[in-house]
Amino acid sequence: MMLRLSLGAAAVALRLSGPGAPMEVTVRQVPQVPGGFSPSGGARDLVSTMQLTAVDEKAFGGISGLRVLDNEQFVAITDRGMWLQGQLPLLSPGNTTEVTISTRTGEIKELVEGTEAHLVDAESIALDPDGGYWVSFEELEKVSIAKYTNTMQPVIDKQVNWRCFKDRPDPGIEAIAVITLDGAPHLVAICEGERGMSSSMSFAAPVSDLSKVRSFRMKHTHDYQVAGLASVPGQPDMALLLLRRYDFGPGPEVIVQELKLAGAGDTVHVGERREVLRVSMSMPSMVAENYEGISVYTDTTGRTFLALVSDDNFSPCQRSLVSLFRYHIGGRPEPARRSLL
C-alpha cells in the first residue's frame, strides 16, 4: 500500500505490501488543553496523542489491539473482527496538520466455521518471533487464540481454546503477548476477569508447542481489570501490563505496570510489579477514552516508545486515539501521572 504524509509543502511516500482493501485514515494531533497531558521532563514524557478517523465510519473504529513495529508500521484489530495495517506518523507536539495515511483493512478469519464476521470480537494481538501474529477473541466457543501470517492469513494448525471459566459463559482472552520465559518465546494470555475478582486466569505456553500450557493467576490491582499486555524489546521475562478502572466514583483511570515473569515448574511466577504510568480522566465513564491496547517498540534511532490505543466503541461520544510516550525501562520510581481533561 502507499502511505502519503501531507505535511505542509513536504510530502513523503512509502510503499508497503499487504492484502485487503484500501482505506484512507486521517490522523491529527489532539490539541493540548489545560489539565491535559503535560511532559514532566523525565521518563515517559508524552510525545503525541493522535486521533484516527475515516470517511467510512461504519467500517472504521473499535480498535482494541495494536502492535507497532520498529519502523512505525502497525497492525491493529477491532471489536468487529477487522484488521488494519499501515504506518504510524510521528507528529511533533503542536503540529496540528492533518495527515492522510493509506491503510489496508480486511476481515479476520477466525477459523470457526459458521461464525459471522460481525460477531467476531478480536481483543488483543501479539507478534510472533518467527513472523506473523497471534490474535485473541472474546465469546467464541471453539477458539480463544489463533495464529495468522504477516498478510493476515490464518494458520490452520495454530489455534488454542484456553478457557477463562469452566462453569459459566466464557468471556475470552483479553490480553496476549509473546514473552521470553525459561529462555524460549512463550505465548502469554490473560483473561479480563470480572469486577470484584482478586485475580484473572492466565496461561503461558511455548510458541513452538502450545500443548505445554501452564496456568497461573494474575492478581488485580485494587478494582482495576486487565486490558492489555506488551513485551518489552530487549528485555526477556519483562512485560508491561495495562489495567483500567471505569466506574461512576472518582473517575476512570488506566495504569501501566512493569512486571517480571518467570517459569516455576508447572506454573509461572509473577514478580514485583512497578507502576510506570497513570492516566486519570475527569469525565464520566460513558464518554471517557477507552484505553485497552498497549504496544512497546524501539525506533531506528534506538528510542523506545510506549503506545496506548483507545477504542471508540463505535460511539460518537468516544474517539480512536493513539497516545505515544517516551519509555525508559526501569525509569524513575515514582509514577508519572497524566490527565486527559
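This report covers the strands, cores and cysteines of a predicted model.

## Basis

In this predicted model, local features need pLDDT of at least 70 and side-chain atom pairs count only at pLDDT 80 or more, while totals for chains, interfaces and linings use all residues. Residues are numbered from 1 along each chain as its sequence is written, and side-chain values use heavy atoms, with hydrogens and water left out.

## Nine-strand sheet

An open sheet holds 9 strands in the order β5-β6-β7-β8-β3-β4-β23-β22-β21, with antiparallel pairing. Strands here are DSSP runs of E with at least two residues, numbered from the N terminus. Two strands pair if DSSP finds at least two bridges between them. β5 (63–68) and β21 stand at the edges with a single partner strand each, so one side of each lacks a neighbour in the sheet. From one strand to the next, the twist averages 25°. Angles run from 0 to 180 degrees between N-to-C directions, with axes fitted as lines to C-alpha atoms.

Several pairings can be followed residue by residue. β5 is joined to β6 (residues 73–78) by 5 bridges, and the two run antiparallel. Val68 has Phe74 in β6 as its bridge partner. β7 (residues 82–87) and β8 run antiparallel and are joined by 4 bridges. Gln85 has Arg104 in β8 as its bridge partner. β3 (residues 21–29) pairs with β8 in the antiparallel sense over 7 bridges. Here Val25 stands opposite Ile101 in β8.

β8 (residues 99–107) has 7 of its 9 residues buried, so the strand is largely enclosed by the rest of the structure. Buried means under 20% relative accessible area, exposed means over 50%, and partly exposed lies in between (1.4 Å probe, protein chains only). In a regular strand, side chains alternate between the two faces of the sheet.

## The β9–β10 hairpin

β9 and β10 form a hairpin with 5 residues between them. Gly131 in the turn has a positive phi of about 105°. The two strands, β9 and β10 (residues 133–138), pair in the antiparallel sense over 6 bridges. Ala126 has Trp134 in β10 as its bridge partner. In β9 (residues 121–127), 6 of the 7 residues are buried, so this strand is largely enclosed by the rest of the structure.

## Nonpolar cores

The largest nonpolar core has 23 residues. Such a core is a set of buried Ala, Val, Leu, Ile, Met, Phe, Trp, Tyr and Cys residues joined through side-chain atoms within 4.5 Å. Leu240, Val256, Leu277, Ile294, Leu306 and Leu308 have the most contacts inside the largest core. The elements giving it two or more residues are β17 (225–231), β18 (238–245), β19 (253–264), β20 (267–280), β21 (291–298), β22 (304–310) and β23 (321–326).

A second, separate core has 22 residues. Met23, Phe60, Val68 and Ala307 are among them.

## Cysteines

The model has 1 disulfide, counted as a pair of cysteine sulfur atoms within 2.5 Å. Cys164 is joined to Cys191, with S to S at 2.0 Å. The torsion about their S-S bond is about -95°, so the disulfide is left-handed. The pair links distant parts of the chain, 27 residues apart. Cys164 lies in the loop between β12 (154–160) and β13 (173–181), while Cys191 is in strand β14 (residues 184–191).

Cys164 is buried, at a relative accessible area of 8%. Cys191 is buried too, at 3%. Cys317 is partly exposed, at 47%.
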